[in-house]
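Work through the exercises below with the model open. Try each task before reading its solution.

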Amino acid sequence: MTETAPPPAETRRRLGGTYWLLNSIEMFERLAYFTLRVMAPIYIMQVGAKNPGGLHLTAQHKGRIYAWWAIFQSFLPIATGGFADRYGYKRVLGLAIATNTAGYLIMAFAHSYVGFFAGVLVLATGSAFFKPSLQGALAHAMGPGSTSLGWGIFYWVVNVGSLVAHYIAGPLVGDKSAAGWQRLLLGGAAASATNLLLLLVLKDVPSGAPSQETALQVLKRTLVNVWDARLIAWLLIMSCFWLMMYQLWDLQPNFIEDWVDSSMIARHLPAGLGLTEAGEGGALRVPQQVLISLNSILIVLLVVPISWLARRMRTLSAMLIGMLVATVGVLVAGFTPNGWLLLFGIGFFSLGEMLTGPKKQEYLGIIAPPGKKGMYLGYVNIPVGIGLAVGSVLQGRIYGTYGEKATLALRYLTEKTTAGAAPPWDGTVASLEAATGVKRPEAFARLRETTKLDHQGATRLLWETYRPHVRVWTPFAVIGAVAAIALFVFGRLARRWKDMNA
C-alpha cells in the first residue's frame, strides 16, 4: 500500500521551525556562493575589452582552480560529516560560516592567480564543514514521512539563493573593472556573514552520535564506513553524472560568452534592468548569467510539485529518468549558437536535475544508520567531488584546445593565413602566441583585421571551420549516457540482492 501525502498542517508540524531556519541559512550561503560561481568563469579566463579587470588566465588555469576547489569542497566532507555528528551541528556551522566569509575576503583583496586560488581553497574548506553539518541537522529535523518533500523544499531553497545571485551578480560587478570584481566578492562575504546572525537563534539538533569519541576515532569510523560495495558503486556512477552536470554551470558561461547569439532574445527584454548588455561586437545580448538563470527559475517554480509527484517513485528510478533527460538537455544546449535553442536545452537539463538532485540526499538519508546521517550525507559530496575534479581538468583541456574563441582565432591565423611569425607552430596550444606573435586577448581582433570580417562573420567562420560544439560537448554527453546505463544495471542488481537477502 502506498503512503498518501500528509496534509499541510501535519507536514508543517513534521518539518518544524528548526527545519525552516536551517533552510534560511542554506539560502544565504548559496546566495553568497552563486554570486561568485556564476561569474567566476568570466573573471578567471574571459579576455577582451568587456572584462578589463579580470584575471585573463587560460582554460587550463581555470580547470586547475576548479579541480582543487572540488577536491577540498567535496572530499573533506568524508571526514567533516563525522565531526559534525560528533561535535554538534551548530558549533561546526559557526566554524564553517566564518571560514567561508574569510575566503571571500581573501579573493576580494588579492587580485592575482595565487590570491584567488588561496581564497577558493579557504572557501572550499568552509563549504566542506558547512554542507554535512547543515544537511545532517536537516535530516534529523524532518519527521517520518516528510523526507521526500523536505529534501525537495531544501533543493528549492538552494535555487532561490542561486536565482537571486544570478540577478545581483551583474549589477555588482558592473563594468567588470578590478573595483567591480572586488565589489562582487565583498557582496559574497556580506551574504555569508549574515548567517552568523541567524546562527544565534538556531537551536542545536542532537545527532545521536557517540559524544566520547576523539577526533581520530571519528575519522577512523568515517573512513571505515565508506567501504560498502553498494555505496561505492553508487558513488562512482553518480560521479560520472555530476561530471556532465556541472558543465552547464562551469563551462557553459564561457561557451555562451564566446559563441551564443542571444540578440534575438534581448530584443524582447526591457532595458535598464540588467537583463541586457552590449556584447563584444556592439550588438545587444543577454548576459550569460541571465540565460543560465533559467535553470534556477524552473527549479524554484517546479521542484516542489515535481518532488511531490515523484514521492511514490522508486528513488533510483527517478534518478535514472532524470539522468537521461539532463543528458539530452546538455546536448541541445551545447550544440547551438542560437539563444532560443540554448534556453530549450537548459529547460530539459533542469527537468532532469529536478528528478535527480533531491533524490541523492534522500537515498543516502534513507540508508544511513542511526547516528550517522551527517556522515552519510558527507558521502553524498564524493561523486560531486570526483565529477567536478575530473570534469574541471577535462574541460580545461578540451575547451582550451577545441572550444575557446581566442585559441581558435590564433589557430586560424596560424593555419589559414600568412599572419604567422617565426618560429613555426609545433601544433600545441602553448606555442600559438609565439607562432603568431599575437597575445590571446588580441587574437580575435587580429583575426577580424586579417579577414576583413565583422564580429558575427568572424565568429561564424571559426564555428564552421573548427566545429567547437561537436568537439567540446560530445564527450560530456557520452559520459552522462554511460552513467545512466550504469545506474540502470545497478538498480537491477541492487533489487536482486535485496530479494536474495529478504
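**Exercise 1: the second largest cavity**

The second largest cavity holds about 80 Å³ of space. A cavity is a set of points on a 1 Å grid over the protein atoms alone where a 1.4 Å probe fits but cannot get out. Volume is the space filled by probe spheres set on the points. This is a predicted model: local features need pLDDT of at least 70, side-chain atom pairs count only at pLDDT 80 or more, and totals for chains, interfaces and linings use all residues. Residues are numbered from 1 along each chain as its sequence is written, and side-chain values use heavy atoms, leaving out hydrogens and water.

Task: which residues line the second largest cavity?

Solution. Take residues with an atom within 4 Å of a point. They are Phe 34, Arg 37, Val 38, Ser 162, His 166, Trp 249, Pro 253, Gln 288 and Ile 292. Next, elements: α1, α7 and α14 each give two or more residues to this lining. Helices here are DSSP runs (H or I, at least four residues), numbered from the N terminus.

**Exercise 2: a helix crossing**

Task: at roughly what angle do the axes of α10 and α18 cross?

Solution. Locate α10 (residues 229–245) and α18 (residues 381–402). Their axes (lines fitted to C-alpha atoms over the stretch in contact, with angles from 0 to 180 degrees between N-to-C directions) come within 7 Å and cross at roughly 45°.

Key: 1 Å grid on protein atoms, 1.4 Å probe; cavity = no way out; pocket = protein on both sides within 12 Å on 5 of 7 lines; lining within 4 Å.
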